[in-house]
Amino acid sequence: MSEKKKSLFKFGTREVVYSAIGAALYAVLTYATNFMQLPGSGNVAMRPAVVIPMFFGIAFGPIVGFITGFIGNILSDLLSGWGFWFWWDLGNGIMGLIPGLIAVAIIDYKAIKSLLLGEFFVILGAAGGMGVAAISEMWVSGADMTAVIYYNFLPAFLTNIANGLILLPILMVAYAAVAQRSGRQ
Amino acid sequence: MPKTNAAALVFDDLSFQYNTRSEPAIQHISFSVQPGELLLIAGSSGCGKTTLMRCANGLIPNAYHGKISGDIKLFGRSVFEMQMAEISQAVGTLLQDPERQILGSYVLNEVGFGLESLGIPRNEIIPRVDETLEHLGILHMRDRETFGTSGGEKQKIALAGVLVMKPKILLLDEPLSSLDPASAHEALQTFRQLADEGLSVVIVEHRVEDVLTIHPDTVVYIDEGQVTYCGDSKGLMAIVDYRRIKLPADIVVERARNAPAPQFYPVLKPNYKNPETLLSFEGVHFQYNEDSPEVLDDINFEIHKGDVIAVLGHNGSGKTTMVKHALGLLKPTQGHVLLEGLDTQKMTVAEAAHTVGYVFQSPTQMLFAPTVKEELAFGPKNLGFSPEEIDKNVTWAIETVHLNEELDTPPLALSFGQQKRISIAAILSMRSRILMMDEPTAGQDYWNYQAFMDAILQMPGFDSVIFITHDLDLALIYANRILILYGGKIVADGRPQDVLQDELQLKKFRILPTSLLKLNMQYLPKTGSFYRAETIAHFIG
Amino acid sequence: MLVTWRYKYRNSIMDRIDPRARWIFSCAFLISCTMFWDARFLIFFFIIAVVWYTFGRTKWKETRRGWLLVSVMLFSMIVINTLITGGGAGGVVPPGGHEVWTQGFTIPWVNWHIHFGLTAERLWFAICQLLRLGGISAIFVLIPYTMDSRSYGATFHGLGMPDRFAYTMELSFRFIPTLAQDSAATLDAQKARGYEIEKVKGGLFRKILRIAPLIVPITMNSIVASEDVANAMDLRCFGQYKRTWLFELKFHWWDIILIIFSALMLIGSAVAAYGFKMGNFWIPESFINMLIG
Ligand SMILES: Nc1ncnc2c1ncn2[C@@H]1O[C@H](COP(=O)(O)OP(=O)(O)OP(=O)(O)O)[C@@H](O)[C@H]1O
Ligand SMILES: Nc1ncnc2c1ncn2[C@@H]1O[C@H](COP(=O)(O)OP(=O)(O)OP(=O)(O)O)[C@@H](O)[C@H]1O
Ligand SMILES: [Mg+2]
Ligand SMILES: [Mg+2]
């Protein structure tokens with residue numbers, strides 16, 4: 001029990017809790033900002049909360065990131081009564097999973113290097129996640145590639161990276177302070 | 001230390017140091033707990049009480065890692081040789097905040113959680129849950145949602161979730177911190193009853209005086225990670241520093257006689273002759289939803305320049321709801337709230353914030369900036385102060401709470417007590433005329449909260465201070481006016497010595513008279529006003 | 001802030017169907033339905049979806065929000081993509097076809113002449129899309145209204161998800177109201193410091209940045225709280241043994257029939273689509289004749 005290495009794919013009690021709380025947080029913040037007057041683009045709502053799965057991924061690993069995005073999106077759709085859209089849930093999950101892949105590489109959350117690495121993976125995550133969701137839309141609704149890119153992928157991708165890039169460093173710096181003070185190792 | 005095999009729990013020269021720390025959290029702890037014994041652990045903030053609990057329930061070393069030495073024996077067996085599941089079935093733990101400990105959405109699921117984890121079949125779980133709920137007298141709550149139950153109810157539910165696993169030892173970490181006095185009293189009675197039934201009960205608590213009412217068999221006092229006293233409660237009162245732990249008032253009087261009198265000069269004085277009104281509530285009614293009951297029921301009162309008001313009342317009586325109206329965070333469903341003569345309906349919260357500074361109960365709800373300095377500048381910046389003014393206010397605020405050296409630290413890295421002071425400074429820097437604080441002392445130790453309450457009330461700059469509290473002693477030491485809420489109505493409003501006179505009536509409002517109140521009432525003819533026990537000691541000299 | 005689940009007990013047929021069977025059916029439906037572009041098949045699926053939807057006994061007033069979202073999605077997919085821009089039908093509808101509205105039209109005021117090559121084939125394809133997406137939406141919009149929030153954990157566990165993952169779902173349900181309350185408290189606390197989220201000047205960057213005073217305390221607070229939650233779970237033996245799920249799920253004979261039906265639907269569709277190469281895009285001659293005349 002004394003091994004201390006961060007393992008990328010561990011899923012113990014701690015990870016269960018971070019995933020659950022992350023998902024609940026993502027859902028609540030998405031739900032709350034649905035009603036805020038933020039600029040939207042096309043049919044994709046502006047969601048500052050997308051930073052939550054990205055950040056939980058970076059802080060607690062890819063599985064936590066994935067579940068935060070996946071279940072979080074399910075829950076926020078349940079709360080709004082929007083139904084269940086598996087491929088968008090999956091896309092949100094991937095948006096947390098990809099940044100999570102660098103979780104082990106980050107030790108000091110407020111170092112410039114960590115922040116840049118985080119930002120880079122946020123772009124990858126948003127591209128991967130929204131890409132999967134948009135491509136699934138081709139399969140489901142029979143739209144062609146250009147349509148999917150213009151109407152599904154780009155608006156979602158651009159608003160998500162805008163939110164992710166701006167908010168992620170703020171959360172990472174704040175978390176660096178919190179991590180000093182408490183927590184289970 | 002007595003060390004027999006029959007002991008339920010034995011600490012044997014136990015020390016522990018967290019991996020991330022350079023100092024041990026606890027050192028050379030030795031004492032034991034017998035079956036059926038009720039034991040109280042006291043000590044100031046950060047002295048290692050929670051750490052000690054974590055050692056006893058197996059979280060250390062299973063979930064927290066660090067350097068450990070010495071041993072803990074559970075009925076003769078070392079816990080370090082036992083599996084977590086085995087320890088958990090012998091040792092039940094009630095954590096400090098029931099809101100975070102409750103894992104089920106419904107009472108039945110919450111109480112059954114441990115049994116579900118153990119894989120016990122459903123048809124055995126349900127009768128065991130029912131039996132436990134029945135024992136605690138809350139069987140009627142079985143099918144309710146856990147969210148939305150009151151603080152006292154939450155605690156009972158969490159306790160049921162622990163007791164359902166039939167532990168032999170019960171650990172309680174600050175079980176009283178958010179309860180009103182009457183609910184705390186009920187909870188303590190339950191703990192006493194459990195001990196009488198043969199359970200070993202270990203209580204960690206800052207509110208020592210309250211716990212003494214159920215006569216703990218043993219009291220352990222911890223200071224900086226070491227046991228400095230272990231014995232009966234009488235002995236504790238003789239040796240412990242009465243400025244660090246709140247002791248019964250008559251004992252403080254005995255012991256403070258020879259110490260120098262405390263210096264306390266409040267700035268605010270009520271002006272009874274021609275009061276200047278700052279804020280007035282006129283027939284305020286409020287309900288959260290159309291179909292929920294009224295939370296405020298015809299509230300009428302005025303706040304005057306010079307008032308220091310303590311708002312008392314049971315859990316859910318509407319204290320927080322009422323105070324939020326002053327700032328326009330909530331608007332009355334009927335009636336008016338006038339802030340300096342203007343209706344809060346017609347102003348934004350930001351405008352009201354120029355006049356009213358409101359410190360929320362939990363500091364973690366508002367701290368976000370990368371440095372303390374930016375945190376303190378946030379309020380004045382929002383209110384449109386000039387950069388020079390902001391600088392001046394920030395400096396003044398940080399000096400008031402004595403945290404100058406932390407200006408460049410991230411507030412989130414500070415300890416809870418420091419964060420609390422930063423959250424107060426963040427309001428001070430807005431230079432509001434009225435200061436409102438929601439339970440400013442909850443979760444703080446006695447020494448710390450006295451220090452900052454003294455500082456705030458001796459500090460010029462406010463026209464009035466209002467605070468909500470469950471601590472009657474805090475109200476009678478610091479307030480010059482007391483408001484009591486009961487079920488959404490103001491049932492008493494006046495000078496402390498007038499409002500707190502009638503014990504029977506207080507009990508009706510779920511407020512329990514304390515030893516300090518009794519002492520003050522006894523000497524009122526001589527003192528003319530209410531004071532802390534140390535001061536009274538010098539009156540009767 | 002008030003958050004409430006849309007579910008309530010309606011004493012409907014849906015309330016009697018085991019949620020596992022419902023998920024199996026819903027997923028089988030999604031997969032089967034997306035194998036076809038032939039309106040004759042899609043009508044069949046659409047009818048099944050409508051029947052299924054009525055099982056839920058939801059009221060229009062309740063589900064309005066869900067349908068609003070669906071309509072926005074359908075609008076952009078069908079009207080914009082397929083009809084106006086002519087994209088959308090790319091892989092399915094063969095190029096060329098019978099043009100419907102050769103003369104185009106002129107937008108008044110600005111005098112723009114728009115000529116868009118809408119063909120009968122694309123119009124028919126739009127109808128197929130409407131049937132297919134409408135059917136899928138009906139099935140999945142229904143879920144929030146008809147599934148008890150207590151049952152998700154047990155259901156996904158029952159469908160083969162490991163204990164820990166299924167429990168994660170259950171736990172996040174538990175924390176939604178708590179976090180909503182915390183968020184409201186943070187918003188209030190910041191408002192008391194003069195923070196006004198609605199009033200932001202400046203561009204997108206400033207607007208997003210403006211959310212930091214909310215999102216940071218809420219997130220950090222919940223991370224700190226997670227420590228307590230994890231402790232509470234470890235102290236009650238979480239994850240040490242195979243878990244019992246208190247929420248009781250029970251298959252009845254009708255659930256078995258539904259599952260068999262789902263399996264037949266899936267297999268039948270696969271055989272038809274891949275075995276017999278049926279179900280590709282098809283347009284009735286009469287439709288073309290009707291339009292072109
Ligand atoms: N998870 C942790 N990681 C590192 N250090 C910790 C951790 N938990 C506690 N500490 C440190 O150990 C010491 C003892 O803390 P502990 O929580 O046991 O005190 P306490 O007596 O329970 O205080 P309080 O009355 O404020 O609850 C403190 O210095 C604290 O900062
Ligand atoms: N946001 C809310 N929505 C609905 N009801 C609420 C809300 N906040 C509080 N209430 C209800 O209003 C009543 C009064 O709550 P309030 O928080 O004002 O009590 P309080 O006197 O501050 O209690 P405590 O001492 O526990 O802090 C309670 O019954 C509570 O359940
Ligand atoms: Mg503690
Ligand atoms: Mg309150």
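A cavity is here a set of grid points where a 1.4 Å probe fits but cannot get out. In this predicted model, a search of the whole structure identifies 12 such cavities of 30 Å³ or more. The largest cavity holds about 140 Å³ of space.

The lining of the largest cavity consists of 20 residues, of which B:Lys246, B:Leu247, B:Tyr446, B:Asp473 and B:Leu516 are the closest to the centre of the cavity. Five helices of chain B each contribute at least two residues to this lining, namely α11 (249-256), α17 (446-457), α18 (472-478), α21 (515-527) and α22 (533-540). In terms of residue class, the lining of the largest cavity comprises 12 nonpolar, two polar and six charged residues.

For the second largest cavity, a volume of about 80 Å³ is computed. The residues that line the second largest cavity are C:Met14, C:Arg22, C:Trp23, C:Ser26, C:Trp52, C:Ile139, C:Leu142, C:Ile143, C:Thr146 and C:Met147. Two or more of the lining residues are supplied by each of α2 (19-33) and α6 (143-146) of chain C. The largest share, three residues, is that of α2(C). Seven nonpolar residues, two polar residues and one charged residue make up the lining of the second largest cavity.

How values were computed:
Residues numbered from 1 in each chain as written. Chains lettered and ligands numbered in written order. Predicted model: local features only at pLDDT ≥ 70, side-chain atom pairs only at ≥ 80, totals over all residues. Heavy atoms only, no water. 1 Å grid on protein atoms, 1.4 Å probe; cavity = no way out; pocket = protein on both sides within 12 Å on 5 of 7 lines; lining within 4 Å. Points joined across faces, edges and corners; volume = space filled by probe spheres on them. Helix = DSSP H or I, 4+ residues; strand = E, 2+ residues; numbered from the N terminus. Nonpolar A, V, L, I, M, F, W, Y, C, P; charged D, E, K, R; others polar.
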